[in-house]
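Here is a short report for a first look at this entry. Please keep the sequence and the structure in view while reading.

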Amino acid sequence: MIKIKKRWEIPESEVTPESLYRQRREFIKSAGVVGGALLLNPFAGAQASYSVDGYQKNSMSLDEEITAEEDATSYNNFYEFGTGKDDPKKNSQRFRTDDWTIEVGGHCEKPGTYGLDDLIRPHALEERIYRLRCVEAWSMVIPWIGVPLSSILNTMQPTSAAKYVAFRTLHDPARMPGQQRSVVPWPYREGLTMAEAMHPLTLVSVGMYGKTMPNQNGAPIRLVVPWKYGFKSIKSIVSIEFVEEEPKTSWNMILPDEYGFYSNVNPEVDHPRWSQKKERRIGDIFKRETLMFNGYQEEVADLYDDLDMKVNF
Amino acid sequence: MALSSVLKSVWARPVAHLLCLLPLLLLIWAALDGQLGANPVEKLSHETGQWALRLLMLTLALGPFRQWTGEASWIRFRRMFGLYAYFYSCCHFAIWFIADHSFDLSDMFEDVIKRPYITLGFSAFVLLLPLALTSNQSMIRRLGRKWKTLHKLVYAILLLTVLHFLWQVKADYLEASIYAIIAAVLLLHRVGPVRRLKLKSFIAAR
């Protein structure tokens with residue numbers, strides 16, 4: 001059988017399954033241990049992101065410089081912790097994600113409440129270096145750690161009635177102070193078509209830069225859909241639902257003329273108020289050209305063969 | 001008494017100059033120190049834009065200050081604040097022209113034509129130029145009555161600037177709304193009953 005090597009994949013020979021399994025356990029464990037260690041820590045209440053090494057290193061090198069970790073963890077759009085770019089880091093330091101569970105429902109054979117461990121542990125964690133393009137015309141290059149969303153969804157055994165997957169962020173204004181103002185109709189909602197969700201590029205991420213996911217970046221578990229604008233990559237997920245109809249998504253609910261369900265990165269379709277032709281890579285002064293599907297055209301363009309991207313923006 | 005002597009003091013103008021330049025100095029300091037955050041261009045753009053608006057509003061607040069306090073010396077600072085507002089708007093424009101458009105005029109004008117919020121901001125910037133150019137004694141003398149009419153443009157500029165700010169908000173209108181409310185008060189002061197609201201007589205009546 002001929003296996004076509006994908007750009008983002010790592011040769012299997014690089015890591016033995018057994019060591020991978022052990023490393024994976026280490027990652028999950030170390031994430032859990034932080035909570036315990038903190039009981040003796042003078043900074044108790046905070047949840048530092050934690051260095052780990054239980055994942056397969058990525059061999060696919062984007063020919064672009066990785067964004068400074070300090071920048072990627074201090075310049076965030078995460079309205080649950082405030083609308084300023086530096087608010088999420090400031091306001092999420094006391095956020096705790098212990099005993100995180102995810103509600104799975106809708107058209108699937110294995111609905112129920114899944115612990116974060118149960119969801120991630122059966123799968124090989126890998127590092128993926130992806131571009132992240134925000135709808136506000138800035139971008140980053142981030143080394144994520146996670147598992148393909150398809151691996152996780154497959155264990156839930158979606159039925160043929162499942163046409164879309166709907167995701168929701170935690171809604172808890174006491175823990176997420178940004179939710180005390182109704183800037184967005186909480187909880188934050190996002191969704192993908194089944195084909196998008198099952199695409200091998202689509203990642204469920206639990207860490208970045210070799211560490212567990214920082215709170216301000218969507219701890220403990222978030223989506224990464226690199227060919228779509230950043231707001232599609234929903235953070236701090238508590239619910240996954242398989243549905244028949246196109247689910248409601250937050251930015252589309254607020255401003256339907258400006259943010260579509262698909263929101264694929266597309267330099268040809270401008271935001272009604274600003275251009276999407278160029279972007280500022282964080283760390284640069286001048287702007288660069290934005291790439292179709294954020295540079296992942298080769299991988300994802302065929303998903304949209306039958307779609308008018310100007311109408312379905 | 002106290003207020004009047006402060007405003008008329010020989011130190012008043014140097015201190016006012018220093019205060020007007022302070023935001024710029026702090027930004028330069030932060031830039032050299034690498035303290036502008038992950039997106040320094042955006043930070044510089046937002047800061048200079050907001051200081052232009054703040055100084056524009058301060059310029060227009062001097063009239064009401066005079067009425068409320070009964071102290072005419074406020075007006076001595078009007079030209080200075082107005083010119084600093086123009087100075088910060090030039091910085092704001094330059095950052096956008098250089099970093100967003102890489103010195104490309106046709107690229108810049110495409111943005112000016114296609115993006116309403118930029119159309120508004122750019123108009124405000126252009127309209128400020130004749131006001132800045134005529135802000136000296138000889139132009140005031142030469143233009144006579146026309147000078148006053150010309151400088152009424154400042155109200156349109158304030159309106160354009162606030163709309164320029166409001167129109168780029170994604171979802172959180174709080175900050176832009178605060179500016180809009182202050183601008184509305186300043187504009188209403190010129191036309192409505194707010195004008196007759198004299199703080200002094202208000203206090204005296206009690």
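A:Gln157 sits in the loop between helix H5 (149-155) and strand E5 of chain A. Its phi is near 50°, a positive value in a residue other than glycine. Is A:Gln157 buried, partly exposed or exposed? A residue needs 20 or more other C-beta atoms within 10 Å to be buried, and 12 or fewer make it exposed. A:Gln157 has 13 other C-beta atoms within 10 Å, so it is partly exposed.

The model is predicted, and local features were kept at a pLDDT of at least 70.

B:Phe103 is not a glycine, yet its phi is positive, at about 65°. The residue lies in the loop between helix H4 (78-100) and helix H5 (105-114) of chain B. B:Phe103 counts as exposed because it has 10 C-beta neighbours inside 10 Å.

| Peptide bond | Omega |
|---|---|
| A:Trp186 to A:Pro187 | near -5° |
| A:Ala219 to A:Pro220 | about -5° |

Where do the prolines lie? A:Pro187 is in the loop between strand E5 (164-169) and strand E6 (189-193) of chain A. A:Pro220 belongs to the loop between strand E8 (211-212) and strand E9 (222-224) of chain A.

**Chain B as a whole**

Chain B has 11 helices and 0 strands. Along the sequence, its pattern reads α-α-α-α-α-α-α-α-α-α-α. Its C-alpha atoms fill a box of roughly 55 × 40 × 35 Å along the principal axes.

How does the radius of gyration of chain B agree with that of a compact globule? With 206 residues, such a globule would have a radius near 17 Å; chain B has 19 Å, which agrees. Of these 206 residues, 22% count as buried. Contacts in chain B also reach along the sequence. Among those between residues at least 6 apart, 65% join residues at least 24 apart.

**Where the chains meet**

Key:
Residues are numbered from 1 along each chain as its sequence is written. Chains are lettered from A and ligands numbered from 1 in the order in which they are written. This is a predicted model: local features need pLDDT of at least 70, side-chain atom pairs count only at pLDDT 80 or more; totals for chains, interfaces and linings use all residues. Helices (H or I, at least four residues) and strands (E, at least two) are DSSP runs, numbered from the N terminus. The radius of gyration is taken over C-alpha atoms; the globule rule is 2.2 Å times the number of residues to the power 0.38. Two residues are in contact if their C-beta atoms, placed from the backbone, lie within 7 Å.
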